[in-house]
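Have the viewer open and follow along.

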Amino acid sequence: MAEPAKILVVEDTAELREDLTIVLQDSGYRVVEAGDGASAIAAFGQERPGLVICDVQLPDMDGRIVIEAIRSVDAARYSTPVIVVSAFSDEELRRDIEAIGTVIFIVKPVDYARLLLLIAQCLQVPGHHANIS
Amino acid sequence: MKPTTSVSKRKVTIVSQAAPLRKLLWRSYLRMSLIPLLVIELGFLVIYWVSERVVYHQNTEVISKLSQTYFLDIAHREAATINAKLQSIASQTNIFALQTRGALDGDYVPPAAERSRYLIRPSGGLYTAFDNGTTASFYAGGKIIGRSELEKVWRLAALDPFIMAVKHSNPLISSIYFNTYDSYNRIYPYVDLTEQHTFDAIIPIYNFYYEADEKHNPERAVVWTDAYVDPAGHEWMVSSIAPVWRGDKLEGVVGIDITLKRIIDELLDQELPWSGYAMLIDNNGVILALPDAGEKDFGLSELTDHDYNKTIMEDTHKPNHFNINARKDTRPLAEAMQAGDEGEVELNLGGARLASFATVRETGWRLVFIAPADMIYAESQRLRDRLETVGYFMLATLLGFYLLFFACLMWRARTMSRLIAEPIAEIAELIDQIADRQVSTPFRGSQVQELEKLGHHLVTTRQMLLAAEDEARRHSFIANDALVQMRAVNSEMITFMRYISHEIRTPLSIIDGSAQIIQRKAESLRPDDLRERAGRLRTTVAAIAEMLSQILVRFDAFDMNGTSGQEGERLNASTKMSALAEALIPSDRLRLSVPETCPIGTVESGALTEVLQDVLEHVISHSTTDSTVEIALDCSPLLITAIVTSNAYEGGSLLDRARKTVEGAGGQIASDSAFGLTTIKITVPTSCKGVD
């Protein structure tokens, strides 16, 4: 039996990070948590998660900087899916983030059922990503 | 003429062959006034000259008639005078003849003293030996003096008192005598006949004898001889002679001689006008008497130096060129004399002469008065000359006047063209300036009321257009500024809404997340977990409520200040001030000195914009059009200072309004004038309470 996928959750709001971790773990995923950008980049390098869920507004840096850092580390595969979860819903931000590539943009609050479905699809078909608004 | 038009970007240049205004005015003057005036003046001058000619000819005619009439009157009068004198002499001749006949019929014997004067020549003839104050006598021709001859001499001696009385009674008489058929001569005044070669003379062959004989004078009347040279007196003479008949025998002829010179001298004693002179012509056309002036005209000289020694033996008459009938130049006079007893005629005697003549009836002579025509017409000619001089003077005056008049008209045409053309050119320049939106220059004015109005209306129109353009630019700037502000507000609103969305979605996510956890794990959650989650929900809701309260507060602040006043957000005052200055001040007058950036809050920016706009409008309205406007902006952390320097005066409603505005924004405005320049200093604080 294959080892469950590891997901890096980058969220500065502790309540949300905790709920997301519960939902993911209940669904059988291993979760690595990060409360700011710097720890997220470090965790990605150490843990090499199969998927990253990342907030945009982090206390130390913009979530896009975290994604770009992940992409630089993940340069070989360049296929680690990233799901950006943001309270900002403007189209400009969406376009900026999607321009990074292999990124799915989700606006808070998040429907966990749909998030799990999306995660499953991303992990089942590497490189696949879908827009869930 | 069809003008051609070329259109440049803004200017319209018309190229035509139209004449300049000065030339048009000059032509107009010539056509409308000058030429008619000149024609009229020249017409008057021609009329004057024609009149002068007519007057001259009429004067000449009148003078000619007057002179002819005058001369004819004189000729009549003088001819009558001469006639009377000759009649008197003829009458005396007749009496003398009767007296002579009476003496011949008598038996008078003179006294011995008288008889002793007579000497008989041995060879024949008799003569008086000396003058005793009475007559002289001689018998010529070698006449043998017998008793009968002596008795005739003694009888005729009785005539001496009569003869002397007649002679002295009339000064015209030069001598009085009696000649007999046998060549006896008794004459008074006394003549020394021994000095002459008279003794061989045969008296009847002389005209003063034979012209009275039976053959020549059958009527036996008193007759006048032709002019002849007196053998005794060496003068041209005529004689009044009469026969003395005793029955059918002609005893002799009495005669009274008169010298023509005396008659003429008497005529010349009266002063004739126009240098005229009188001459006497006998009935054969021979000039009997001619004064010096006449000798010159006729080219004659009186024959007073005749050789009498040679001619004494016969009649001596004037040569042919003394006869007017034989002369070519006197032919008109001769013809006129043949045609009538009196008349007037024009002669050419080395110059025009007017001649008037009348007849002396006693002798048939013609008395002629002659005067040079130019002397007669001299007064008329002088009058004509004076009139001509006046005419030339008038012509010269007219020419001078018209030269002056031409010069004046040309000067007036130039002046008038300047009066009209220059304002028109200036108006055209104004129109070009309006088209080019150039800086306003004043209209220098015109003396033509319509052009004056037009020029000033154009200036006013241009000023209104520029003002309207400035106003439009200002409104555009304001609108643009408002648009910028609106965009800034909109941007702030978007930012704000984005912020609100983010801030609300986060707690909503907490709520939603908790709700989903409860839904998913309701059976497995413990009461403490539920309480903890319920507390989390309430905390989150409270946070949302607090956030909404803050939002309301911020909206209130936004509403009060017209902007969100978000702390940390700044406009660039340099950009705004530069744009405003460039919008209001012409670029050639603007000197702008601003830092590259000058952060300012929107509130301060609005206040500074309003104040600076009022100040610049004041400056542009009250400064000279060619003056410079300097604007300097200084930024400090707490204050923004704008300094405007121009030659506009300090004061006025715009500056008052600016002062109120800036003071309302917590700033101040100060002004100072020196050396014709006014400096207005605007100070605005960079932060306002409303923003915080």
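B:Ser183 sits in the loop between strand 6 (173–180) and strand 7 of chain B; helices here are DSSP runs of H or I with at least four residues, strands are runs of E with at least two, and both are numbered from the N terminus. B:Ser183 isn't a glycine, yet its phi is positive, about 65 degrees. Keep in mind that this is a predicted model, where local features need pLDDT of at least 70, side-chain atom pairs count only at pLDDT 80 or more, and totals for chains, interfaces and linings use all residues. Residues are numbered from 1 along each chain as its sequence is written, chains are lettered from A and ligands numbered from 1 in the order in which they are written, and side-chain values use heavy atoms, with hydrogens and water left out.

| Cis peptide bond | Omega | Loop holding the proline |
|---|---|---|
| A:Lys108 and A:Pro109 | about -10 degrees | chain A, between strand 5 (103–107) and helix 5 |
| B:Tyr188 and B:Pro189 | about 5 degrees | chain B, between strand 7 (184–188) and helix 5 (207–210) |

Now for the interface. Chain A and chain B bury about 1700 Å² between them, 55% of it on carbon and sulfur atoms; buried area is the accessible area (1.4 Å probe) that two parts lose on being put together, summed over both. A:Pro109 turns up again here: together with A:Ala87 and A:Phe88, it supplies 26% of the area that chain A buries against chain B, more than any other three residues. In terms of contact (heavy atoms within 4.5 Å), chain A brings 21 residues and chain B brings 17 residues.

What about charges? The rule finds four salt bridges across the interface of chain A and chain B, each a side-chain nitrogen of Lys or Arg within 4 Å of a carboxyl oxygen of Asp or Glu. B:Arg536 forms a salt bridge with A:Asp19, with 3.2 Å between the closest N and O atoms. Helix 1 (14–26) and helix 5 (112–124) of chain A each supply at least two residues of the side that touches chain B. Helix 1 of chain A gives the most to that side, with seven residues.
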